[in-house]
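This note sets out points on the pockets, the nonpolar cores and the aromatic pairs. Please read it with the structure in view.

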Amino acid sequence: HTPVHLREVPAQHALARRGRVSEVDFGSFLEAAYEALFAAVARTGAQVADAPGGLYPQEVDDDGEDIVAVVPIVVPVDLAGVHDVQLIELPALTVAVASHHGPYTTVGETYRQLGRWVATHATSLDLPVRERYLVGPPEPADRFLTEIHWPVEGPVHQETPP
(Lines give C-alpha, C1' and ligand atoms only; values in the text may rest on other atoms or scores of the structure.)
Protein backbone atom coordinates (compact mmCIF):
# COMPACT_ATOMS: atom_id res chain seq x y z
CA HIS A 1 0.00 0.00 0.00
CA THR A 2 1.15 3.54 -0.62
CA PRO A 3 0.94 6.36 1.89
CA VAL A 4 -2.27 8.35 1.65
CA HIS A 5 -1.93 11.66 -0.17
CA LEU A 6 -4.23 14.34 -1.56
CA ARG A 7 -4.91 15.04 -5.21
CA GLU A 8 -7.04 17.48 -7.15
CA VAL A 9 -9.03 15.50 -9.73
CA PRO A 10 -10.45 17.47 -12.68
CA ALA A 11 -14.00 17.02 -13.94
CA GLN A 12 -14.33 14.35 -16.63
CA HIS A 13 -16.97 13.14 -19.03
CA ALA A 14 -17.55 9.39 -18.78
CA LEU A 15 -19.60 6.59 -20.18
CA ALA A 16 -21.33 4.82 -17.31
CA ARG A 17 -23.30 1.71 -16.52
CA ARG A 18 -25.19 1.52 -13.23
CA GLY A 19 -26.27 -1.47 -11.22
CA ARG A 20 -27.62 -2.47 -7.83
CA VAL A 21 -25.24 -5.24 -6.84
CA SER A 22 -24.28 -7.22 -3.75
CA GLU A 23 -20.58 -7.06 -2.87
CA VAL A 24 -19.97 -10.69 -3.89
CA ASP A 25 -21.27 -9.84 -7.39
CA PHE A 26 -19.19 -6.68 -7.95
CA GLY A 27 -16.70 -8.55 -10.17
CA SER A 28 -19.26 -10.13 -12.49
CA PHE A 29 -21.19 -6.85 -12.75
CA LEU A 30 -18.03 -4.93 -13.64
CA GLU A 31 -16.94 -7.50 -16.22
CA ALA A 32 -20.27 -7.21 -18.05
CA ALA A 33 -20.37 -3.43 -17.60
CA TYR A 34 -16.91 -2.88 -19.11
CA GLU A 35 -17.77 -5.11 -22.03
CA ALA A 36 -20.81 -2.88 -22.72
CA LEU A 37 -18.88 0.35 -22.07
CA PHE A 38 -15.99 -0.50 -24.36
CA ALA A 39 -18.45 -1.66 -27.04
CA ALA A 40 -20.05 1.80 -26.72
CA VAL A 41 -16.60 3.41 -27.06
CA ALA A 42 -16.02 1.46 -30.28
CA ARG A 43 -19.52 2.17 -31.65
CA THR A 44 -19.44 5.91 -30.94
CA GLY A 45 -15.77 6.57 -31.68
CA ALA A 46 -15.29 8.00 -28.18
CA GLN A 47 -11.72 8.73 -27.16
CA VAL A 48 -10.87 7.15 -23.78
CA ALA A 49 -9.34 9.77 -21.46
CA ASP A 50 -8.27 7.72 -18.44
CA ALA A 51 -8.26 4.29 -16.85
CA PRO A 52 -11.65 2.65 -16.30
CA GLY A 53 -13.05 2.94 -12.84
CA GLY A 54 -15.98 2.57 -10.52
CA LEU A 55 -18.07 4.62 -8.12
CA TYR A 56 -18.94 3.00 -4.81
CA PRO A 57 -20.74 4.01 -1.62
CA GLN A 58 -18.47 4.84 1.30
CA GLU A 59 -20.05 2.02 3.30
CA VAL A 60 -21.03 -1.25 1.68
CA ASP A 61 -24.30 -2.90 2.74
CA ASP A 62 -24.64 -6.67 2.40
CA ASP A 63 -28.11 -6.22 0.84
CA GLY A 64 -26.66 -4.60 -2.27
CA GLU A 65 -25.32 -1.26 -3.36
CA ASP A 66 -25.76 1.13 -6.23
CA ILE A 67 -22.44 1.09 -8.07
CA VAL A 68 -21.37 2.64 -11.34
CA ALA A 69 -18.75 1.37 -13.78
CA VAL A 70 -17.16 4.26 -15.71
CA VAL A 71 -14.89 4.81 -18.67
CA PRO A 72 -13.70 8.44 -18.79
CA ILE A 73 -13.82 10.01 -22.26
CA VAL A 74 -12.37 13.19 -23.73
CA VAL A 75 -15.60 14.73 -25.05
CA PRO A 76 -19.28 13.77 -24.87
CA VAL A 77 -20.57 11.49 -27.63
CA ASP A 78 -24.00 10.71 -29.06
CA LEU A 79 -25.31 7.50 -27.49
CA ALA A 80 -28.23 7.05 -29.91
CA GLY A 81 -28.70 3.31 -30.42
CA VAL A 82 -26.53 2.40 -27.43
CA HIS A 83 -28.49 0.69 -24.67
CA ASP A 84 -27.77 0.53 -20.92
CA VAL A 85 -24.96 3.11 -21.14
CA GLN A 86 -25.23 6.71 -19.98
CA LEU A 87 -23.14 9.79 -20.45
CA ILE A 88 -22.23 11.38 -17.09
CA GLU A 89 -19.88 14.03 -15.80
CA LEU A 90 -17.64 13.19 -12.88
CA PRO A 91 -17.20 16.39 -10.83
CA ALA A 92 -13.85 17.96 -10.00
CA LEU A 93 -12.85 16.94 -6.48
CA THR A 94 -10.16 16.95 -3.86
CA VAL A 95 -9.55 13.31 -2.99
CA ALA A 96 -7.52 11.37 -0.47
CA VAL A 97 -5.74 8.68 -2.49
CA ALA A 98 -4.40 5.27 -1.54
CA SER A 99 -3.08 2.70 -4.01
CA HIS A 100 -3.85 -0.98 -3.63
CA HIS A 101 -1.40 -3.49 -5.10
CA GLY A 102 -2.78 -6.99 -5.48
CA PRO A 103 -6.05 -8.83 -5.97
CA TYR A 104 -9.44 -7.21 -5.48
CA THR A 105 -10.20 -9.72 -2.72
CA THR A 106 -7.79 -7.83 -0.42
CA VAL A 107 -8.80 -4.27 -1.35
CA GLY A 108 -10.72 -3.97 1.94
CA GLU A 109 -7.41 -3.53 3.79
CA THR A 110 -6.61 -0.46 1.72
CA TYR A 111 -10.12 0.93 2.20
CA ARG A 112 -9.75 0.59 5.98
CA GLN A 113 -6.36 2.34 5.89
CA LEU A 114 -7.77 5.16 3.75
CA GLY A 115 -10.93 5.47 5.85
CA ARG A 116 -8.87 5.80 9.04
CA TRP A 117 -6.71 8.47 7.42
CA VAL A 118 -9.75 10.45 6.25
CA ALA A 119 -11.39 10.20 9.70
CA THR A 120 -8.22 11.58 11.31
CA HIS A 121 -6.99 14.17 8.77
CA ALA A 122 -9.89 15.35 6.63
CA THR A 123 -13.60 15.94 6.31
CA SER A 124 -15.26 13.35 4.11
CA LEU A 125 -17.74 14.56 1.49
CA ASP A 126 -20.99 12.63 1.09
CA LEU A 127 -20.06 11.43 -2.41
CA PRO A 128 -19.14 8.04 -3.83
CA VAL A 129 -15.61 6.74 -3.53
CA ARG A 130 -13.94 6.37 -6.92
CA GLU A 131 -11.67 3.55 -7.97
CA ARG A 132 -9.26 3.69 -10.93
CA TYR A 133 -8.13 0.35 -12.33
CA LEU A 134 -4.60 1.10 -13.52
CA VAL A 135 -3.59 -2.56 -13.89
CA GLY A 136 -6.20 -5.31 -13.91
CA PRO A 137 -7.30 -8.29 -15.95
CA PRO A 138 -5.86 -9.93 -17.97
CA GLU A 139 -2.74 -9.39 -15.83
CA PRO A 140 -2.20 -11.81 -12.91
CA ALA A 141 -4.06 -10.64 -9.77
CA ASP A 142 -0.84 -10.11 -7.81
CA ARG A 143 0.08 -7.37 -10.32
CA PHE A 144 -3.23 -5.45 -10.11
CA LEU A 145 -2.97 -1.76 -9.21
CA THR A 146 -6.09 0.07 -8.04
CA GLU A 147 -6.23 3.69 -6.90
CA ILE A 148 -8.94 4.53 -4.38
CA HIS A 149 -10.10 8.17 -4.34
CA TRP A 150 -12.07 9.28 -1.25
CA PRO A 151 -13.74 12.70 -1.73
CA VAL A 152 -12.77 15.20 0.98
CA GLU A 153 -13.13 18.89 1.63
CA GLY A 154 -10.03 20.71 0.55
CA PRO A 155 -7.61 22.07 1.35
CA VAL A 156 -6.60 19.85 4.24
CA HIS A 157 -3.29 18.83 5.78
CA GLN A 158 -1.44 16.95 3.06
CA GLU A 159 1.03 14.14 3.56
CA THR A 160 3.86 13.65 1.13
CA PRO A 161 2.83 11.55 -1.89
CA PRO A 162 4.76 8.39 -2.66
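1. A residue is called buried when its relative accessible area is under 20%, exposed when that area is over 50%, and partly exposed in between, with a 1.4 Å probe and protein chains only. On this scale Tyr 56 is buried, at a relative accessible area of 5%. Phe 26 is buried as well, with a value of 13%.

2. The model is predicted, so that local features need pLDDT of at least 70 and side-chain atom pairs count only at pLDDT 80 or more, while totals for chains, interfaces and linings use all residues. Residues are numbered from 1 along each chain as its sequence is written, and side-chain values use heavy atoms, with hydrogens and water left out.

3. A search of the whole structure finds four aromatic pairs. Rings of Phe, Tyr and Trp (its six-membered ring) pair if their centres lie within 6.5 Å; planes under 30 degrees apart count as stacked, over 60 as edge-to-face and the rest as tilted. Phe 26 and Tyr 56 form a tilted pair, because their ring planes are at 40°, with the centres 5.4 Å apart. Since Phe 26 belongs to helix H1 and Tyr 56 to strand E3, this pair ties together parts that are 30 residues apart in sequence. Helices (H or I, at least four residues) and strands (E, at least two) are DSSP runs, numbered from the N terminus.

4. Tyr 104 and Phe 144 form another tilted aromatic pair, 4.8 Å from centre to centre and with 40° between the planes. Tyr 104 is in the loop between E6 and H2 and Phe 144 in the loop between E7 and E8, 40 residues apart. Tyr 104 is partly exposed, at 33%, whereas Phe 144 is buried, at 7%.

5. What lines the largest pocket? Its lining has 24 residues, and the closest to its centre are Phe 26, Tyr 56, Tyr 104, Val 107 and Glu 131. A pocket is found on a 1 Å grid over the protein atoms alone, as an open set of points where a 1.4 Å probe fits, with protein on both sides within 12 Å along at least five of seven lines; lining residues have an atom within 4 Å of a point. The space in the largest pocket is about 740 Å³. H1 (26-44), H2 (107-121) and E7 (129-135) each supply at least two lining residues, and H1 gives the largest share, six. The lining divides into 14 nonpolar, five polar and five charged residues.

6. The second largest pocket holds about 180 Å³ of space. Its lining has 18 residues, with Val 9, Gln 12, Asp 50, Arg 132 and His 149 nearest its centre. Strands E1 (5-9), E3 (53-56), E4 (65-73) and E7 each give two or more residues to this lining.

7. The largest nonpolar core has 35 residues, and those with the most contacts inside it are Leu 15, Ala 96, Leu 114, Val 118 and Trp 150. Such a core is a set of buried Ala, Val, Leu, Ile, Met, Phe, Trp, Tyr and Cys residues joined through side-chain atoms within 4.5 Å. H1 supplies the largest share of this core, eight residues. Apart from this core lies another, of seven residues, among them Ala 14, Leu 55, Val 68 and Val 70.

Note on methods: Grid points are joined across faces, edges and corners, and a volume is the space filled by probe spheres set on the points. Ala, Val, Leu, Ile, Met, Phe, Trp, Tyr, Cys and Pro count as nonpolar, Asp, Glu, Lys and Arg as charged, and the others, Gly among them, as polar.
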